[in-house]
Every structure is written in structure tokens, then in C-alpha cells.
Amino acid sequence: MNGHQGRGIVVGVDPARDWHLPVAWAADEAQRRRLPLRLVLAVPPQHDTHHVDDTPGQTALRQAGADRLGQARDWVRDRHPEVDVHVDLRGGFPVAALGGAAKEARMIVLGSRHLSRTAEFLSAGSIVVPLSAQAPCPVVVVGDAEHISQQPAYVVAGIDGSATATNALAFAFDEADLRGAALRAVCVWQPPVFMLDDEEVALGAQRVLLAEATAGLSQKYPDVHVTHEILTGHPVEELARAAEHALSVVVGRRGRGGYTGMRLGSVVHGLLHRAHCPVITVPAE
């Protein structure tokens with residue numbers, strides 16, 4: 001995380017869909033962190049028109065994109081006049097354009113199209129999965145408005161003992177501290193088909209894992225109230241249930257065991273479709 005400290009927040013503006021939710025989340029976060037905000041919109045290259053000049057059409061798309069960025073910029077300035085907001089109209093496909101912007105970002109914020117898992121992979125316009133897998137900074141996917149109904153407000157961090165989960169936990173502590181929220185450090189134990197150890201031994205190992213993972217960070221963030229929770233079941237379902245009323249759920253991008261990678265069926269990918277709060281994925285470095 002330190003390599004991105006002090007850089008701005010990037011949010012992707014979809015020219016064809018409502019942009020208010022992800023832009024609002026990003027603007028609020030920029031205000032909390034006192035970081036600049038960059039609104040990025042990508043205009044794809046013209047299709048093969050069998051050598052027909054499509055310059056007028058491309059010009060119209062760029063003008064429409066510039067207008068949409070201007071609307072979003074003005075909306076952010078009304079919401080947070082103190083936030084330093086910039087617009088960035090880029091040529092190219094959204095994944096490449098936003099991926100390039102992410103290289104200089106503290107975090108990148110995306111909206112969710114609520115596609116099915118298969119559609120997310122097969123859709124030519126899908127950006128959530130590739131960016132969540134490849135971006136060098138944390139990626140925030142905002143699919144629903146915050147609907148906090150439990151007090152105190154809380155952030156959920158999924159812990160599995162991996163290096164990326166450690167980074168995710170550090171990010172979750174920072175986010176909870178920034179927002180005056182509690183932190184639920186959650187370890188999901190999925191019983192194996194054949195158990196080599198007694199169940200209580202396995203659960204004891206999970207308790208030790210949580211205690212060791214949070215010890216130093218609890219000292220660094222003394223104002224964050226932390227609870228350790230060991231849940232039994234499928235990681236996607238249990239983490240999504242734990243985060244049902246959360247400000248966000250934070251997970252490492254490539255974990256150990258159940259939190260592995262961005263493949264179809266992985267915990268991270270599952271949460272992108274199952275969770276009703278922002279999902280924040282954090283890379284190893």
C-alpha cells in the first residue's frame with residue numbers, strides 16, 4: 001500500500017450507464033483522504049467500417065464523453081467543493097485506459113453492471129473482472145448504495161493467512177479508522193471432506209491466525225474496535241452474509257485456499273456478484 005500513498009483516486013465513468021454511485025463513493029473517499037480525484041472515461045476506437053471514414057462518428061462519441069465527464073465533474077464539485085477534481089478523456093478500450101490510469105492511482109473505483117458470472121467473463125464491455133485481477137492498486141467495486149442499518153458502522157476484512165490478506169487487513173484497518181467504524185476480522189473455515197485433526201484443533205488454529213494478524217495493527221489503530229469472528233461454511237456466502245450491512249468488505253486478491261485468484265468460482269469473484277456493499281480487492285504489493 002505504501003507505494004500508492006499520496007496518489008489520487010481514479011473512478012471510471014461509464015458513458016452508457018448511470019455513474020452516480022461509483023462517482024459518489026470515490027468523491028466521498030477523496031474528501032476523507034484529502035486526495036485528488038480523477039474522472040476517467042474511455043472512447044473505444046472505431047469499428048472496422050470497410051474503409052469508410054468514421055471520423056464524424058468518433059468525434060461525436062468523444063464530444064458525448066467530454067459532456068458526460070463535465071457533468072460528473074460539476075456534480076462532484078457541488079458535493080465536495082474542496083476536492084481537487086480532474087477529467088481525463090482517453091481513447092481506447094476501457095480496460096486498457098483505466099488500467100493505465102490505475103498505475104498512478106491510490107485506488108480505482110468502478111461501478112458494477114450486476115452481470116451474471118458467465119456474462120461478466122464473456123461480455124466485451126466487462127471491465128470489473130480484468131481490472132480487479134490486474135490493477136496494481138486496490139480496486140473498489142460499487143454496485144449498491146450504502147444502506148447501513150447497524151450501529152456502529154463496520155468494515156469486514158476476510159482473513160486467510162496469505163500475504164494479500166495481510167495487506168487487505170491493513171487497508172481495512174485504515175478504512176475503518178478513517179470512517180470512525182468498527183472492524184470485523186473474519187476467517188471462514190470450510191471443513192474438509194476428510195479431517196486430519198480434531199475440529200476444535202482446526203478452529204483453534206483459526207483463532208491464533210486472527211490474533212496474530214490483527215495484533216500489530218490494533219496497536220497502530222487504537223481507536224478501531226476489532227472483533228474476531230470464525231465462521232463455518234462456504235467463504236463467499238459467509239463473507240457476504242457478514243458484510244450484508246457493512247460499509248465495505250475487503251479481501252486480498254490472491255489468497256490461500258478459498259480466496260485464490262480471480263477464476264470463475266473464486267471467493268473474490270463470488271463476492272463481486274453476491275455482496276451488497278462495496279467490494280475492495282487489495283493486491284499483494
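A: The account below treats the helix crossing and then a loop residue beside it in the discussion. This is a predicted model, in which local features need pLDDT of at least 70, side-chain atom pairs count only at pLDDT 80 or more, and totals for chains, interfaces and linings use all residues. Residues are numbered from 1 along each chain as its sequence is written, and side-chain values use heavy atoms, with hydrogens and water left out.

Helix α8 covers residues 235-242 and helix α9 residues 267-274; helices are DSSP runs of H or I with at least four residues, strands are runs of E with at least two, and both are numbered from the N terminus. The two axes come within 9 Å and cross at roughly 45 degrees, where axes are lines fitted to C-alpha atoms over the stretch in contact and angles run from 0 to 180 degrees between N-to-C directions. The helix α8 is therefore oblique to α9, a term for angles that are not under 35 degrees (roughly parallel), over 145 (roughly antiparallel) or 65 to 115 (roughly perpendicular).

From α8, P235, V236, E237, L239 and A240 meet V267, G270, L271 and R274 of α9, contact meaning heavy atoms within 4.5 Å. These contact residues divide into six nonpolar, one polar and two charged; Ala, Val, Leu, Ile, Met, Phe, Trp, Tyr, Cys and Pro count as nonpolar, Asp, Glu, Lys and Arg as charged, and the others, Gly among them, as polar.

S266 lies in the loop between β9 (248-252) and α9. S266 counts as buried because its relative accessibility is 7%, buried meaning under 20% relative accessible area, exposed over 50% and partly exposed in between (1.4 Å probe, protein chains only). The C-alpha atoms of S266 and P235 are separated by 9.3 Å, although these residues are 31 residues apart along the chain.
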